[in-house]
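User: I want to learn to read a protein model. Please start with a word we will need, and then show how it is used.

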Amino acid sequence: MEHPHRESAQSPGREDIRTGLTEETIRLAFLDNLLYVQGRFPEVATVDDRFKALAYTVRDRILRRWMSTIETYQRANPRTVCYLSAEYLPGPFLGSNLQSLGIEEDARRALAGLGIDLEDLIEHEEEPGLGNGGLGRLAACFMDSLASLQVPATGYGIRYEYGIFTQLLRGGEQIEIADNWLRLGNPWEVQRPQIAYDVKIGGHTERFTDGEGRLRVRWVPQDVFRGMAIDTAIVGHRVNTVNLLRLWAARAPEGFDFLAFNRGDYYGAVLREIRSETISKVLYPNDEGEAGKRLRLLQQYFFVTCSLQDMLRVLRSTGMPPERFHDKFCVQLNDTHPAVAVAELMRLLVDECCLDWDAAWRVTRHTFAYTNHTLLPEALEKWPLELFQSVLPRHLEIIYEINARFLDWIRRRYPKDEERVRRVSVIDETPPRFVRMAHLACIGSFAINGVAQIHSRLLAQTVLRDFHEIWPQKFQNKTNGVTPRRFVMLSNPRLAALFEETLGPGWERDPDRLQGLERHADDPGFQERWRAIRRGCKETFAALAARHSGVRLDPATLFDVQAKRIHEYKRQHLNLLHVVTLYERIRRDPSIRMTPRSFIFGGKAAPGYAMAKLIIRLISAVGETVNRDPLVAGRLTVVFLPDFSVKLGHALYPAADLSEQISTAGKEASGTGNMKFAMNGALTIGTLDGANIEMREALGAENFFLFGLTESEVARTLAAGYRPWEHYESNPELKRAIDLIAEGAFSQGERGAFQPLVDHLLRHDSFLLLADYPSYIACQERAGAAFLNERGWTRMSILNAARMGRFSSDRTIGEYCRDIWRVEPLPVAPPDRRTPRPPEPAPAAISAR
């Protein structure tokens, strides 16, 4: 029997079933995809079938806009931003894409007519395992803003088969299992097997003279594998621009050795394929050992060379010569992971495109811009020279040449200053010798930026001081931002609806309009609506937390939240000392009055980071003890949410009352979780670190709970010879809290369970928890008292949301476009939904991308 909509899809004046946006067309398209793509009819379809049928329905509408965007870019040949990032953390796509297309309510009604709840399908979607934390989420926010601002851009990275890991808790300890996010497939990606590039590794180099008498270098690799493009559309919000996220998957040149198979060597027949595909198998392999370091270096080179080769292909399609590469592309290095791109572009231009060295270097240093994301020296990647040479012998030769020319210039500029020469060299001569990737990025880039005002200042004063003295004009600040479209509109639709009712439509594209909420901050009726929305968010999250952890939270309590990567400098254990202090106060005086609190933790520890994993174990142990003690029931609850993700964040950010941003001053580059919480009305308790400083300036000091040493006070304290033991001995509450942990109060009497953590605090305390403890406890008391003043707290909550507009990633991207990339928006005309066009051949359709 003919499907009932087939005739209508082709009728004159009717919407095309592939591109139409009305409720009826979406319903017909959904049924079409359910039958012809999923091979199911409604009565037997699973939730995954339904999810994919809707995803393909949405993707069809995106693809036409995507082709229109490509055609526009082909005609105009604009300067294009290429964003190189080792990770992206986009979160689930379905809700975001429906929102960006403006068809969420039409889709909801179309499905409801079939007895299907849209929220069930949104909840079913697996989160892409393409990133870890703030770095990947920032990259995803930037891609969203680039498309929404209609800026020609491509994001490049790795299409990991497995994400960082799925975090489980067993006996309170973090257990890592594979994040098999692709096990059910990914309907959003488009595989491009015809776009693939050779990736060479190992081997040696040879000098030869070419036919024109020029001395050349040939890289003879030990092995070669391929990188295949897998594309995902990044949809601009309520515009027609659809940009490209192109991720690379590793493949063997020949996937199956038939001769080996016929010899009976069945394992050998697929060995090369297995070895090759390992490159893009897992996000951030444990690099404690030599094999892990080698794989991580291979991953970084893999996506860099594929991306640069892809750009050269696009350049050739425009007819532009390689000498104009930097006119066509501005390549942003998102941290030091892609810094090998400086050497790789030189290799491609010199060895493959036959440019002379000076011409190639001129192109290279006008192509790259470098964003630094850390002040921790250990996070500024450097590779053992022997390892680097074994993997990338030609690149080491190029780095030697770049370094030699650079150091000659330094010696002329700073004569008789060999100590400076040693400090700025790309090669760290300290045995066993290392290649410093941040130095390579600084030398090979025309712009260098930090990601918050304090971070950019400290970069220039500390870890990159020498380069700032050499090139002060290169250095800029670009304070990070987040997209309110995902982290308010999608995460908190009830609040977004109040914003639209109060401010009018379109506030999410002009977040400065949020300031209009300020005039309602003291309105009792508006306050009551605000509190009702927040109560609903807290109830929703409490139900989710009960499902995930088994712990029941009271929505009437103060939700005190710290959700971020577990690291000593982020000081989750300072938060825990506060929990233990409150617990001890109640035990000592059960009649004591205090603000009821629910402490909510979330975040992953790197698999090889023993101290961070011990902190997770302590959070779990304290929670288990506190939650079962009837003495504190209703006053203190502690929960650790395993496997924190963007998806969990959708529920958590709107529910938080108090956002913990308590890193040691001078250690956090920026932070973006602080922004997501505040945009939803959470108040912040924090130090003067990262973007906290600028947030406090925007929000008003009276709407921010500040504590702790400043960055300069931290430096002076450490320089004077910090003695944490003295703080422990002089503060009775601190001493009791640490003693409880040491004596086994939270480990069933096992005294040594947390001894490494206790010993480090008392002997070293590298991140000054004990020095900041009294200020933190006092600040928490102020926050607890403020929460009991319902009207006052609500007023501060409204003002927080109202004053966060400047922390939209749209503002950040606008500054990058103006000050670094020098690119302009290029609007895309809307595609005609009523006259279907035949698809163009794939190679032509993507040739300019």
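Analyst: Contact means heavy atoms within 4.5 Å. The model is predicted: local features need pLDDT of at least 70, side-chain atom pairs count only at pLDDT 80 or more, and totals for chains, interfaces and linings use all residues. Residues are numbered from 1 along each chain as its sequence is written, and side-chain values use heavy atoms, with hydrogens and water left out. Now use the word: with residues up to four places away in sequence not counted, Phe-302 touches Ile-158, Val-199, Phe-225, Arg-226, Gly-227, Trp-248, Ala-249, Ala-250, Ile-279 and Ser-280.

User: How many residues has the largest nonpolar core?

Analyst: A nonpolar core is a set of buried Ala, Val, Leu, Ile, Met, Phe, Trp, Tyr and Cys residues joined through side-chain atoms within 4.5 Å. Phe-302, Phe-388 and Trp-821 have the most contacts inside the largest one. That core's count of residues is 151.

User: Which helix gives the most to this core?

Analyst: Helices (H or I, at least four residues) and strands (E, at least two) are DSSP runs, numbered from the N terminus. The top contributor gives 13 residues and spans residues 290–318. That is helix H10.

User: How many residues are in the second, separate core?

Analyst: Its members include Ala-612, Ile-685, Ala-742 and Leu-762. In soluble globular proteins, nonpolar side chains tend to be buried together. The second core's count is 69.

User: Is Leu-762 buried or exposed?

Analyst: Find Leu-762 in helix H31, residues 755–763. Buried means under 20% relative accessible area, exposed over 50%, and partly exposed in between (1.4 Å probe, protein chains only). Leu-762 has 13%, so it is buried.

User: How far apart in space are Leu-762 and His-326, C-alpha to C-alpha?

Analyst: Along the sequence, 436 residues separate Leu-762 and His-326. In space, C-alpha to C-alpha, the separation is 53 Å.

User: Which side chains make a polar contact with the side chain of Gln-332?

Analyst: Gln-332 is part of strand E10, residues 329–334. It is buried because its relative accessible area is 0%. A polar contact is a pair of N or O atoms within 3.5 Å; within protein, one must be able to donate a hydrogen and the other to accept it, and residues adjacent in sequence count only if both atoms are side-chain atoms. At 2.7 Å there is Thr-371, and at 2.7 Å there is Trp-821.

User: Which side chain makes a polar contact with the side chain of Tyr-197?

Analyst: Tyr-197 sits in strand E5, residues 189–201. Its relative accessible area is 9%, so Tyr-197 is buried. Its contacts beyond four places in sequence include Phe-225, Trp-248 and Asp-310. The polar partner, at 2.8 Å, is Arg-313.

User: Why is helix H17 largely enclosed by the rest of the structure?

Analyst: Helix H17 runs over residues 437–444. Among its buried residues are Met-437, His-439 and Gly-444.

User: What is the relative accessible area of Thr-684?

Analyst: Strand E21, residues 683–686, holds Thr-684. Leaving out residues up to four places away in sequence, Thr-684 touches Leu-658, Ser-659, Gln-661, Met-695, Phe-704 and Phe-705. Thr-684 is buried, and its relative accessible area is 1%.
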